[in-house]
Amino acid sequence: MESKLYMQLCLPNFLGGCGFPKAVLNKPVQVDSKQYYLDIYFPGTRLGIEYDSFEYHNNVRSFSRDNLRDAKLRTAGYRLIHVKPGQLNDLEAFQDLVTNISYQLKQPIRIRTPKFFKPFKELFHFFQPSGYAPVDVFDVPQFRGADSAFRDFQGRS
């Protein structure tokens with residue numbers, strides 16, 4: 001799921017991604033004498049994205065370990081955003097997540113190509129578990145520029 005999130009965040013618009021600057025997967029970070037790995041890390045920003053799956057983050061022990069790890073990383077100056085599975089499976093929750101990341105990176109999302117919508121839908125559904133409503137190509141993410149690019153997309157369809 002970290003790879004899916006990476007693709008959704010970093011691929012260019014014409015491939016269905018948000019076009020954020022390239023991030024690093026599983027970035028090792030040294031804090032004191034301990035090495036931690038950030039699921040997704042944006043170099044030069046000290047922003048890490050952590051994917052919290054139900055499989056590995058569902059008990060008191062892992063919850064406590066994660067809180068201690070987060071405290072160490074934050075004390076060392078890292079900013080962390082935790083992502084839950086529902087945020088990758090629900091369009092509105094995903095939009096909120098991307099808006100937060102955009103704010104943290106100080107980089108606005110601008111959809112500039114009508115080629116964004118079909119690949120976005122395909123990418124959004126690539127790892128979609130059953131039980132979630134599919135995103136129609138007409139469900140437009142509310143990112144800057146999406147409305148005008150979508151009108152161009154409709155004109156070409």
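## Close-up views of a predicted model

View 1. Four strands form an open sheet in the order β1-β2-β3-β4, with mixed pairing; two strands count as paired if DSSP finds at least two bridges between them, and helices (H or I, at least four residues) and strands (E, at least two) are DSSP runs numbered from the N terminus. Because β1 and β4 stand at the edges, each with a single partner strand, one side of each has no neighbour in the sheet. On average, neighbouring strands of this sheet are turned by 50° against each other, direction ignored. The model is predicted, so that local features need pLDDT of at least 70 and side-chain atom pairs count only at pLDDT 80 or more, while totals for chains, interfaces and linings use all residues. Residues are numbered from 1 along each chain as its sequence is written, and side-chain values use heavy atoms, with hydrogens and water left out.

**View 2. The pairing of β3 with β4.** The strands β3 and β4 run parallel and are joined by five bridges. Glu50 stands opposite His82, which belongs to β4.

**View 3. Helices against the sheet.** The helix α1 packs on the sheet, where it touches β1, β2, β3 and β4 (contact means heavy atoms within 4.5 Å), and its direction makes about 45° with that of β2. The helix α4 lies across β2, β3 and β4 and runs at about 170° to β4. For these angles, axes are lines fitted to C-alpha atoms, for helices over the stretch in contact, and values run from 0 to 180 degrees between N-to-C directions.

**View 4. The nonpolar cores.** The largest nonpolar core has 27 residues, and among those with the most contacts inside it are Leu5, Phe20, Val83 and Ile101. Such a core is a set of buried Ala, Val, Leu, Ile, Met, Phe, Trp, Tyr and Cys residues joined through side-chain atoms within 4.5 Å, where buried means under 20% relative accessible area, exposed over 50%, and partly exposed in between (1.4 Å probe, protein chains only). The largest share of this core, six residues, comes from α4. Not counting residues up to four places away in sequence, Ile101 touches Leu9, Phe20, Phe42, Ile49 and Ile81. A second, separate core of eight residues includes Val31, Tyr41, Leu73 and Tyr78.

View 5. Asn26, in strand β1 (residues 24-31), has a positive phi of about 50° although it is not a glycine, and with a relative accessible area of 47% Asn26 is partly exposed. Asp32, in the loop between β1 and β2, has a positive phi of about 55° and is exposed, at 68% relative accessible area.
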